[in-house]
Structure formats: C-alpha cells, structure tokens
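Please examine the sequence and the model before reading each solution.

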Amino acid sequence: MRIGYGFDSHEFRAGIPLKIGGVELPHDKGLGGHSDGDVLLHAITDALLGAIAAPDIGVLFPPSDPKWKGADSAVFLREALDRVARSGYRVSNIDSSLILAAPKIGPHSADIRGRVAKLLGIDCSCVGLKAKTPEGLNLENAAVAHVVVLLEQTSLSTKIPASPKVREKRGTRTGNNAGPIKNKKKR
Ligand code: MG
C-alpha cells in the first residue's frame, strides 16, 4: 500500500467559471490559474503523484507551457492515474477537505463526489469530501484543498515489464520493501 498527500490553493477572480472537482458551480467568481483552476483536482493529482514518488503537477504540467492554458484539469488527473497504474497500483480511497468562504459546498457535495469517483474509477463511497470555512485564516478570497489518497497494489500482470537490471535488483528486495516502484540509484 501507498499513501499520498496533495495540497493546492487558488485565488478567486471575477468573471470566470468556478470548477471544483470537475463540476461547474454557480458563483459570481471562479478560481484563477493557468489551467481551469480546479483546486480539488489539482490536489488529488498531486496526492496520486506523491504516492508513487513521481514528479509533481507543476513539473509535469508547467504553468509556463502555453499548452496547458485553460486546460481541463481532468487531463492532469488522468495522467497521474495512468502513472499510478503503470507503477502497479490502483486507488483504494481518497479523503479531502476544501476550505473556502463561499459558495457553500454542501448542496453540490454529491455531484462533486460522484464526478471525482468517476474520474478515479472508484465508488462514491470511497471519496470523502468535507468543506470548511476559513475561520480566522484571513483567506476570504481563496480556495484551498487538502487531499490524501490510499493506493493498493494491483496484480503483477498489470505492471510495466522491468529491464533485466531492475529485475535483478528487485529480486533482492523482500518483505514490506518489495514493491513495483523502481529503486533510485544508491549514492
Ligand atoms: Mg493548482
């Protein structure tokens, strides 16, 4: 098993759509950013990448690259999921906390959980979502997301075939350290 943690924050800006968890919410402001500013999908993406010790979202999809301008953040999530699968893992469950003053997330919680579950290929019952207001944090014009994910190992058949050199190294790994993720070179 592997655990991953992701955090993200975006500032509200007038006149753009608000997308959280892949769902467009009715509000007079949206979240600014190079992509669609989906703070929750970004935090989930980073949690998935962190769980397999992959480069983070900013490295894989740099804001300096015009290719990602206005991008649907589901694209980032799919790439992270693909990397998780290629590393020999699948998502077991996720839990998340959103911190924002408005809009109220409660009425949209089921939609967001459903969309996130669909994107991750897991059941709604495996997607936790809490929303808090930023009491005492002075964050009235920002949205923040914290996410943890748990990954479980898939069967050996789904893993990328390792090079002979890597296979040889893996053969020496035992117990809880035995896993499909390629070891970094020892210095
Ligand atoms: Mg972001």
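Across which strands does helix α4 lie, and at about what angle does it run to β6?

Solution. Helix α4 (residues 109-120) lies across β5 (89-99) and β6. Its direction is at about 140 degrees to β6. Axes are lines fitted to C-alpha atoms, for helices over the stretch in contact, and angles run from 0 to 180 degrees between N-to-C directions. Helices (H or I, at least four residues) and strands (E, at least two) are DSSP runs, numbered from the N terminus.

The model is predicted: local features need pLDDT of at least 70, side-chain atom pairs count only at pLDDT 80 or more, and totals for chains, interfaces and linings use all residues. Residues are numbered from 1 along each chain as its sequence is written.

**Exercise 1.** Describe the packing of α1 and α3.

Solution. Step one: helix α1 (residues 39-51) and helix α3 (residues 74-86) pack at about 15 degrees, with axes 9 Å apart. Step two: α1 and α3 are therefore roughly parallel (angles under 35 degrees). Step three: residues of α1 including Leu 48 and Leu 49 meet residues of α3, among them Leu 77 and Leu 81 (contact: C-beta atoms, placed from the backbone, within 7 Å).

**Exercise 2.** State the strand order of the open sheet and its edges.

Solution. Step one: the five strands follow the order β4-β1-β7-β5-β6, with mixed pairing (at least two DSSP bridges between two strands). Step two: β4 (29-31) and β6 (127-132) are the edge strands, each pairing on one side only. Step three: β1 (residues 2-14) and β4 run antiparallel, joined by three bridges, and Phe 12 stands opposite Leu 31 in β4.

Methods. Angles under 35 degrees count as roughly parallel, over 145 as roughly antiparallel, 65 to 115 as roughly perpendicular and the rest as oblique. Two residues are in contact if their C-beta atoms, placed from the backbone, lie within 7 Å.
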